[in-house]
Amino acid sequence: MAFRIIEHCTACGLCLPECPIDAIQVGNPIYVIDEGNCCDFEDCVAVCPEQAIVRVTIPPGFWACAQPRGPG
Ligand code: SF4
Ligand code: SF4
């Protein structure tokens, strides 16, 4: 699993500092998540005022999350 930023994004920037592994980048026109490295922390999802960050399924082998969320 991973998360993706969709077209509702207004490039407000609120999500950028929330990602603990810097998987979000400023894009043009909308922000972009490096889905292969997104570790599903969901910190970004919680702060997005546009509900523009959605869960997606990415192909096995592409997901390279190095720090999966532990229990709790
Ligand atoms: S879901 Fe978590 S790891 Fe993925 S971009 Fe958002 S804060 Fe970063
Ligand atoms: S918080 Fe939401 S609207 Fe703001 S830049 Fe991130 S994805 Fe886009």
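Glutamate 7 sits in the loop that joins β1 (2-5) to β2 (24-25); strands (E, at least two residues) and helices (H or I, at least four) are DSSP runs, numbered from the N terminus. Glutamate 7 counts as exposed because it has 9 C-beta neighbours inside 10 Å. The C-alpha atom of glutamate 7 is 7.1 Å from that of isoleucine 30, 23 residues apart along the chain.

This is a predicted model, in which local features need pLDDT of at least 70 and side-chain atom pairs pLDDT 80 or more, while totals for chains, interfaces and linings use all residues. Residues are numbered from 1 along each chain as its sequence is written, and chains are lettered from A and ligands numbered from 1 in the order in which they are written.

| Residue | Phi | Loop | C-beta atoms within 10 Å |
|---|---|---|---|
| Glutamine 51 | about 50° | α1 (43-47) to β4 (53-56) | 10, exposed |

The peptide bond from asparagine 28 to proline 29 is cis, with omega near 10°. Proline 29 belongs to the loop between β2 and β3 (32-33).

Around ligand 1 there are 14 residues, of which Cys19, Ala23, Cys38, Phe41 and Cys44 come nearest. A residue is near a molecule if its C-beta atom, placed from the backbone, lies within 6 Å of it. Ligand 2 also has 14 residues around it, and Cys9, Cys12, Leu14, Cys15 and Cys48 come nearest.

Definitions and conventions: A residue is buried if 20 or more other C-beta atoms lie within 10 Å of its own, exposed if 12 or fewer, and partly exposed in between; C-beta atoms are placed from the backbone.
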